[in-house]
Amino acid sequence: MDKTATAEKVAIITLGCEKNVVDSDIMSQLIDERGYILIDNPQEADVVIVNTCGFIDAAKEESVNTILEVADLKESGNLKSLIVAGCLTQRYKEVLMEEMPEIDGIVGTGDFDKINQIIEDSLAGKKPIFVGNPAFSYENVARRKVEKGTYSAYIKIAEGCDNKCTFCIIPQLRGAFRSRTIESIVAEAKELAAQGVKEVNLIAQDSTNYGFDIYGERVLHKLLHEVSKVEGIEWIRLHYAYPGYFTDELIEEFAFNPKVCKYVDMPLQHSEDRVLKRMLRPGRQRDTRELIAKIREAVPDVALRTSIIVGFPGETEEEFQNLKAFLREVQFDRLGVFTYSQEEDTAAARLNDQIPQDVIERRANELMEVQREVANERNGRFVGKVVPVLIEGYDGKNDVYIGRSQYDAGEIDGEVFVTGYRGELGQIVSVHITHSYDFDLAGEVM
C-alpha cells in the first residue's frame, strides 16, 4: 500500500510499563511497512490502538478510562476503528467485548504481530479477536520504529516469567520465561543504533535468569559484553536484575566494561524474611546484604535501585519498622515504593490478613520520606565531581539543557540540569556537578 491521501491514519497510545513500549514500537514498524500513516494525535486518526496494562487495579482503571476517552472520538473526531491491545485484553477479552461495544478489535500479548490484519478486519466491521497463548517470540524481531529524537530505548532480552510470586499475575499474562538469543538482541541493538539511539535498556521480568532456558546456563554477563561491541551504543543499562542469580561474572562486567552503566536495578520487594517467604521471593535478607556488599566492593561508585511493596498481607508494624531501618542502613540510591494491590487470581489475594488501605498508604508515605533523606545524602557525593551526562532535552524558558547521568534511568529516576551547553541533543558530555537536590543534580558543561 502506498502512503497516499487515502491511506488510513493510525495512532498508538501506550500505557503501562516499558515492555509495552517495545511492543508498540514493533507494531509501529509493522503498520508503517503496511503503508498506513502513523500519527501522534489520536483526534486526527482513523484507527487508534490502545496498548493497555492489566497488572494492578490502578493500571486497569487507567486503561479502561483511556479506552472510553478514545471511543468518544467516534463522535468528535475521525475515528473509525478502536483496537485494544496488551495485558488487559489478555486477561479480560470476553468482558471487554461484552461491556465495551465501542471496541472494534482486540489483540493479546502473544499476537500483536497480526496487527495489520486486525486493522483491516476491524475497518471491515468484523470485530476481530486475536488473544491466544501469550508466548510471542521476539527472536526474529530486530526492526522497530522509534520516535525521532529517541536517544534511549528498551530491548526485551526475554519475555514471560517462571517465578511464582504470590502477588503477581504476570506469568498468566505473558507466559513462561523465554530468552532470546544473543545474536537476536545484538541485531536489535544495531537497528536502534542506526536510528540514533545511544543508550539501550535491557529488560525482562527476571533479567539475571537470562539464557538458562536456551543455553543451559545463565549468560547475562556474556550478553552485556556482546551488546557493548555495537557501534553507536554508548550506554547499556540493566533492569530487573533479581538477586538470586547475580553471578560474580556479572559483577565483573559492571566493574570493568566501560559501556555498562554503574547502575544495578535489583527489585527486592521487602527486607523481612517472613514477608519474603509469604511472597515466595527467592533469597533472604542475609543473602541480599552479602550481595550488595560484594557489588559495592567491586563497583565503588555504583548506584543501586530497588523496588519495595508495602502492605503485603500480614505485614506487621514491627516488620514495617524493620523495613524502614533496613532502607536507612543499606542506602539505596533510588527506590520505587508500590502499595500492595489485591489482584484476583493471585495466591496473595486469598490470604485472610489483608492490610487496610489507609495503613498501606501511610506506610508508603513514610518510606518515601525515608528515601528522600537517603537520596539527598547519596546525591550529595556527586557535587564537585565531573560526570558524563546524556543530553535529552532543552528548557528554553530557563535556558537549561536536561539530561541524565549513568546513575539514573529515564523517566523513573533523577535528572541533571545543565548550563553552558550549546550542542545537539543526544550527545554525552562531561558535566561538573555544582548542586544536589533530593533526586536531581545541576551542573555546568566542561
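How many helices and strands does the protein chain have? The protein chain of this predicted model has 14 helices and 19 strands, taken as DSSP runs numbered from the N terminus (helices H or I, at least four residues; strands E, at least two). Its radius of gyration, taken over C-alpha atoms, is 22 Å, close to the 22 Å of the globule rule for 446 residues, so the chain is as compact as a globular protein of that length. That rule is 2.2 Å times the number of residues to the power 0.38.

**Overall fold**
- Along the principal axes, the C-alpha atoms of the protein chain fill a box of roughly 60 × 60 × 50 Å.
- Of the 446 residues, 55% are buried (under 20% relative accessible area, 1.4 Å probe, protein chains only).
- Among contacts (heavy atoms within 4.5 Å) with a separation of 6 or more, 73% join residues 24 or more positions apart.

**Helix 10**
- Helix 10 (residues 248-256) has Leu-250, Ile-251, Glu-253 and Phe-254 as its buried residues.
- Viewed down the helix axis, these residues fall within an arc of 155°, so they line one face of helix 10; the arc is that of the directions from the axis to the C-beta atoms.
- Their cover includes helix 9 (220-227), strand 11 (235-238), strand 12 (260-265) and helix 12 (285-298).

**Basis of the values**
- Residues are numbered from 1 along each chain as its sequence is written, and side-chain values use heavy atoms, with hydrogens and water left out.
- Local features need pLDDT of at least 70 and side-chain atom pairs count only at pLDDT 80 or more, whereas totals for chains, interfaces and linings use all residues.

Note on methods. Buried < 20%, exposed > 50% of the residue type's maximum accessible area, 1.4 Å probe, protein only.
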